[in-house]
Amino acid sequence: MATWEAKAASKRNTLQQSIPLEWRIPKDLLPPPDLDNVMDWPETSGWFTKEELAITDLTAEHLVRKLAGGAYTSEAVTRAFCKRAAAAHQLTNCLSETCFDRAIATARALDEHYQRTGKPIGPLHGLPISLKDNFNLKGLDATLGFVSHIGDPAKDDSTLAKILQEAGAVFYVKTNVPTAMMIAETINNVFGRTTNPRNRRTTSGGSSGGEASLIAFKGSPLGVGSDIGGSLRIPAACTGIFTLRPSFGRFPTRDCRSGMAGQEGVNSVNGPMARSLEDVQLYSRVVIDSQPWVRDAKCVPIPWRDVTAPRKLKIGVIWSDGIVQPTPPVARALRETVNKLRADGFEVVDWDVSDMGTALALINRFFRADNGVNIRGELARGEEPYVKEMVIHEVSEEVSVADTWKLQAERSAFQNAHLLKWQETGVDALLLPNMPYVTQKHSSTNHIGYTGMFNVLDYSCVTFPTGLTVDKSVDVLPANFKPLNSNDEKIQSQYDADVVHGMPITLQLVGRRLEEEKVLSMTERVLEVCSDTATPPSRL
């Protein structure tokens with residue numbers, strides 16, 4: 001066994017051993033490996049108590065109310081989510097670190113304070129919150145999927161973690177990411193591949209794929225991921241949950257670990273992931289109300305603003321990015337949503353997508369401007385190979401300082417041109433897919449055109465389930481389908497209606513830069529219109 005393999009195996013064993021025996025699934029209760037959908041397993045296995053199921057079924061918003069009212073202790077809630085997170089990992093391989101002892105100790109301290117004073121500590125009192133691997137927690141690794149980062153524990157908590165804990169949050173797990181957080185699927189040489197609990201033959205997306213898998217399985221009521229090219233929205237779309245991709249500066253990024261530190265041509269942001277829009281709103285308000293700009297020099301001093309979206313909105317629709325067309329279920333969801341919006345009085349216009357290819361080229365040039373030196377250097381330091389999904393980062397062309405400046409000038413010109421187009425059309429928001437597919441079989445995700453555009457523009461985006469699901473009898477490729485190019489042809493040929501049948505279909509609503517409150521309110525309005533679907537989309 002190579003040295004890197006031994007180190008990775010040891011790290012995986014340490015993670016496994018961190019799960020107490022009482023939270024390890026008995027062998028006779030483990031679902032068979034060929035059981036694709038494990039979403040119902042907690043309810044059908046008989047392994048969870050009624051109280052554990054009741055607790056983990058609640059959204060974060062409901063939980064904080066019950067915790068603040070004394071209906072539940074933080075220790076009971078924390079233990080329930082620790083157990084369910086442990087189960088989620090054993091079924092989907094979604095975790096990277098656990099800190100169960102820290103969590104129980106924190107929960108007991110919160111309960112002691114509540115019993116003594118009758119008052120909660122902060123608006124998130126006693127609420128377990130999961131964190132993506134790149135958020136530093138003292139004493140835990142943040143490997144980002146690199147062997148070289150094993151055994152390099154954080155010396156302090158990240159700024160965001162401090163803010164959340166002061167608001168009453170309880171940290172108990174961190175979640176798996178792809179190598180360097182630069183793949184749209186979650187796989188690395190340290191922990192391996194995270195699967196989608198809705199169908200373990202499919203990806204949970206990346207790079208916040210561990211977080212998405214955990215939340216979809218109800219192993220977390222609220223989690224935090226990050227996004228530099230779609231890393232919040234793609235996993236949320238794959239697993240059918242909600243997320244907010246904020247503009248840079250609304251939420252703190254200080255003291256987080258980066259896969260490409262110093263690359264700021266396209267900034268990484270972090271944001272909440274949850275099963276309800278209300279939970280996303282709760283998190284956003286709490287973090288911004290903490291005034292993060294006094295702790296992180298890159299945060300903007302914009303307090304939370306109460307915004308109510310107009311009843312009738314003007315929406316620009318992106319039917320296709322002009323590079324890869326949506327697969328049949330995504331196209332149907334977009335059509336049906338647009339029809340409902342129009343029927344409700346929304347003004348809906350087609351959006352010019354002629355510049356989306358430019359955005360995709362820009363983001364790819366920024367990501368590869370160092371000729372892969374940073375990623376290749378960390379892999380070499382750990383003496384580990386590239387995972388095959390990383391091949392796109394293996395060969396690239398280094399850009400000089402002068403060329404980097406030119407690239408940044410191109411980006412700024414692009415941003416201003418898009419701002420002008422937005423002003424001239426007068427739209428309130430854009431509606432479009434998150435990606436061409438609902439989810440993909442493993443090692444098949446290769447297009448970020450629908451998300452990366454808005455990282456370049458730094459716009460506020462919400463991913464939301466439409467309430468629609470894939471129907472294999474309806475969602476078939478038209479006989480007269482014509483691909484736009486070879487990649488479009490490849491992606492459409494990979495579409496397998498049998499594999500994704502019954503999976504939730506999501507869309508993306510995009511607002512302008514630093515309009516987080518408005519885009520959340522507009523999404524709420526869109527969901528009201530879509531609420532006559534079989535599954536109420538505002539809470540899953």
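Contact here means that heavy atoms lie within 4.5 Å. This is a predicted model, in which local features need pLDDT of at least 70 and side-chain atom pairs count only at pLDDT 80 or more, while totals for chains, interfaces and linings use all residues. Residues are numbered from 1 along each chain as its sequence is written, and side-chain values use heavy atoms, with hydrogens and water left out.

**Annotated binding site**
- An unreviewed UniProt entry lists Met181, Ser207, Ile228, Gly229, Gly230 and Ser231 under "binding site"; such annotations may be inferred rather than shown by experiment.
- These residues are spread over 51 residues of sequence, yet they cluster in space, with a largest C-alpha distance of 10.8 Å.

- Gly230 sits in the loop between strand S8 (223-227) and helix H9 (233-239), where helices (H or I, at least four residues) and strands (E, at least two) are DSSP runs numbered from the N terminus.
- With a relative accessible area of 0%, Gly230 is buried (under 20% relative accessible area, with a 1.4 Å probe and protein chains only).
- Not counting residues up to four places away in sequence, Gly230 touches Gly206, Pro235, Thr451 and Asn455.
- Asn455 belongs to helix H15 (residues 449-457) and is likewise buried, at a relative accessible area of 3%.
- The side chains of Asn455 and Asp227 make a polar contact of 2.9 Å (a pair of N or O atoms within 3.5 Å, of which, within protein, one must be able to donate a hydrogen and the other to accept it, and residues adjacent in sequence count only if both atoms are side-chain atoms).

**Ser207**
- Ser207 lies in the loop between strand S7 (199-203) and helix H8 (209-216), and counts as buried at 1% relative accessibility.
- The side chain of Ser207 is joined to that of Lys132 by a polar contact of 2.6 Å.

Conventions: Buried < 20%, exposed > 50% of the residue type's maximum accessible area, 1.4 Å probe, protein only.
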